[in-house]
Structures are given as C-alpha cells and as structure tokens.
Amino acid sequence: MIDLGPHALFIVSAYCGVALVVAALIGWTLLDARRTERRLADLEARGIRRRSAGPAA
Amino acid sequence: MSAMTVVSAPKQRWWNRIAHPGQFVAWTRPLLWPLVLCTALLFAVGLWFAFFNSPQDYQMGDTVRIMYVHVPTAWLSQFVYATMAVSALGSLVWRHPLADVAMKAAAPLGASFTALALFTGSLWGRPTWGTFWEWDGRMTSTLVLLFIYLGIIALWRAFDDQLRGARVIAVFTLVGAVNIPIIKFSVDWWSTLHQPASVFRADGPRMPGSILTPLFVMFFAFTFLFITLQLKSMHTEIKRRRVMSLERRAVQGAADA
C-alpha cells in the first residue's frame with residue numbers, strides 16, 4: 001500500500017464509507033429483486049395471472 | 001376505410017414501445033450484464049489511477065484523493081434529482097407509466113449518493129479547512145437536498161395507491177427542483193469555504209491532466225453504477241406493481257367465489 005501521508009485516516013475512512021454504502025445499495029437492490037420475483041412466482045404458481053397473460057394453465 | 005385502418009393501427013415508436021412495462025423489461029434486461037461489467041471495469045481503472053497513478057496535490061497532499069469519490073457522488077446527488085424531475089414531468093404531462101417507476105426507483109439511490117457526498121466532503125474538509133462542517137450555502141443546500149430525498153421516500157411509503165401517490169410526489173419533486181440551481185450557484189452567491197466550479201468552466205478545467213484522468217474515470221464509474229442500479233430497481237418496481245395487482249385479483253377472486 002502506498003504511503004498516504006499524515007491524513008491517511010481521513011482518506012481511508014472516506015473510501016471505506018463509500019465502499020460500505022455502495023455495497024449496501026447493491027445488496028439491497030438484489031435482495032429486493034429476489035424477494036419480489038419470489039412473490040410473483042408464488043402468485044403465478046397459485047394460478048393467479050394477469051388477464052393479458054390468458055387463463056391459468 | 002383505409003384511413004380507419006391507419007388510425008386503428010398506429011406505427012409504434014420506441015416511445016410507445018417502452019411505455020409498456022413488460023416490453024421495457026424485456027428490452028433492457030440484456031443491457032444489465034454489460035452495464036455491470038462496464039461499471040466494474042471503470043471502478044478498477046479509476047481506483048488504480050486514484051491510488052497508484054496520480055500525484056499528490058501541491059497544497060493538499062494526499063487528501064486530494066478524496067476528491068475522486070467526493071466529486072462523483074456530489075455530481076450524482078444532483079444528476080439523480082434531475083432524473084427524478086424529468087420523470088416527474090413525464091408522469092404529470094404524458095402520464096407515462098414508466099416515469100412513475102423511474103421516479104420511485106431513483107429516490108433511495110439519490111439519497112445514498114447525497115449522504116456519501118456529505119460524508120466524504122466532511123472528511124475532506126477536516127484536514128484541508130480545519131472543520132468537518134460549516135453552515136454555508138453549499139453544505140446547507142446539499143443537506144436540504146438529502147432531506148428532500150428522504151421526504152420523497154417517506155411519501156412513496158405513505159401512499160397505498162401508488163398511481164395517486166405518483167402525482168403528489170411528482171409535484172413535490174418539481175417544487176424541490178428549485179434547490180438544484182441553488183446548490184450549483186451557492187458557491188458564487190455566498191461566501192463559502194467551498195471552492196467554485198473548477199472542472200466545467202468556460203475557460204477550461206483548472207487541474208492538470210494527471211488529476212483530471214482519475215476524476216473522469218471515477219465520474220463515469222459512479223454514473224454507470226447509478227444507471228445499472230436504476231435499471232435493476234425499475235425492473236423490480238415493475239414486478240412489485242404486478243405482484244400488487246395480482247394480489248388484488250386474488251382477493252377479488254376469493255370474494256367472488
């Protein structure tokens with residue numbers, strides 16, 4: 001690792017904070033997507049479909 | 001008769017085609033992986049430049065490296081709001097069904113980037129200005145922007161009827177857009193510790209290329225990150241709406257039976 005000088009703590013904290021929030025954003029986006037897809041699949045498995053999708057098989 | 005045929009089957013433009021949420025998902029899903037790859041690559045190159053291939057500033061030393069995360073997040077805090085404001089117009093004027101979805105998906109992303117801009121700014125301010133926070137025009141107006149984002153998120157959660165909520169929130173978003181030029185020009189209007197614009201200026205950027213390169217790469221990295229997350233969140237939001245309408249149908253079906 002390169003020497004970041006006397007204010008290394010500030011620089012490293014800034015990058016760590018950004019990494020943490022970005023990771024949380026990505027994680028939350030994926031989790032939300034998975035949860036919603038599961039609910040949709042569950043509803044469709046119960047035979048509930050949109051009118052445009054035609055009658056349930 | 002032929003005129004009737006023309007009227008009943010209008011030529012579909014891309015505008016109409018993406019107005020159909022299902023079509024939009026089908027069209028944009030293949031874009032996701034290339035966007036993810038682009039974002040990852042840009043971040044890898046940007047971080048390498050930021051830490052290993054850019055010089056110290058002659059006054060600030062190494063703290064200049066905080067700029068490579070501060071400026072892009074601050075840019076996104078305003079760009080995401082502009083995205084929401086344009087979507088709000090699309091929602092109010094054209095009743096574009098995807099405008100509501102885009103507006104809702106962008107709000108948490110914008111709030112996060114604004115919080116990051118404030119966080120990195122204060123960590124940069126402490127070693128260079130001697131203070132984490134100053135109640136001046138730029139910082140205060142950015143804090144107000146964060147509160148506007150949080151208000152918008154709270155409003156989305158307050159409405160059960162999302163179509164009705166979208167109209168109220170669109171008006172609120174457009175009113176809140178007044179804050180964006182205030183943030184932009186705050187450094188010119190009021191005395192402040194914050195420096196004025198130094199990249200996009202009529203007389204060219206006031207930085208050497210060795211510092212501009214990592215800044216631009218990180219700028220695109222964060223922008224691509226936003227586009228990727230925005231697209232994915234829009235897909236999820238479209239599916240969530242489908243879930244809600246299916247649940248309503250399920251309840252109706254149960255009541256009829």
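Predicted model: local features only at pLDDT ≥ 70, side-chain atom pairs only at ≥ 80, totals over all residues.
Let me begin with the chain as a whole. Chain B has nine helices and zero strands. Its C-alpha atoms occupy a box of roughly 75 × 40 × 35 Å along the principal axes. Of the 257 residues in chain B, 35% are buried. If we take the contacts in chain B between residues at least 6 apart in sequence, 78% of them link residues at least 24 apart.

I turn next to helix α4, residues 67-93 of chain B. After α4(B) comes B:Arg95, which has a positive phi, near 55°.

With 22 residues, α6(B) reaches 31 Å from its first C-alpha to its last, close to the expected 32 Å. Which residues of α6(B) are buried? They are B:Arg138, B:Met139, B:Thr142, B:Leu145, B:Ile148, B:Tyr149 and B:Ile152. These buried residues pack against α4, α5, α7 and α8 of chain B.

In general, a pair of packed helices is described by the angle between their axes and by the distance between the axes. For α5(B) and α6(B), the angle is about 150° and the axes are 9 Å apart. An angle over 145 degrees counts as roughly antiparallel, and α5(B) is therefore roughly antiparallel to α6(B). Their crossing is left-handed.

Which residues form this contact? On the α5(B) side they include B:Ala107, B:Gly110, B:Ala111 and B:Thr114. On the α6(B) side, B:Leu145, B:Tyr149, B:Ile152 and B:Trp156 are among them. By class, the residues of the contact comprise 14 nonpolar, three polar and one charged.

Is B:Tyr149 buried or exposed? B:Tyr149 is buried, because 26 other C-beta atoms lie within 10 Å, where the cut-off is 20 or more. Leaving aside residues up to four places away in sequence, B:Tyr149 touches B:Ala107, B:Gly110, B:Ala111 and B:Thr114. B:Tyr149 and B:Tyr81 are 68 residues apart in sequence, yet their C-alpha atoms are 8.4 Å apart in space.

The other residue is B:Phe119, which lies in helix α5 of chain B. B:Phe119 has 18 C-beta neighbours inside 10 Å, so it counts as partly exposed. Between the C-alpha atoms of B:Phe119 and B:Thr63 the separation is 14 Å, and the two residues are 56 apart along the chain.

Finally, I come to the contact between the chains. How many residues of chain B are in contact with chain A? There are 31, and they meet 24 residues of chain A. The elements of chain B that give two or more residues to this side are α3 (21-52), α5 (97-129) and α9 (209-256). Of these, α9(B) gives the most, with 14 residues. The side of chain B that touches chain A divides into 15 nonpolar, seven polar and nine charged residues.

How values were computed:
Residues numbered from 1 in each chain as written. Chains lettered and ligands numbered in written order. Contact = placed C-beta atoms within 7 Å. Helix = DSSP H or I, 4+ residues; strand = E, 2+ residues; numbered from the N terminus. Nonpolar A, V, L, I, M, F, W, Y, C, P; charged D, E, K, R; others polar. Expected span 1.5 Å × (residues − 1). Axes fitted to C-alpha atoms, helices over the stretch in contact; angles between N-to-C directions. Parallel < 35°, antiparallel > 145°, perpendicular 65-115°, else oblique. Left-handed = near helix turned anticlockwise from the far one by under 90°. Buried ≥ 20, exposed ≤ 12 C-beta atoms within 10 Å, placed from the backbone.
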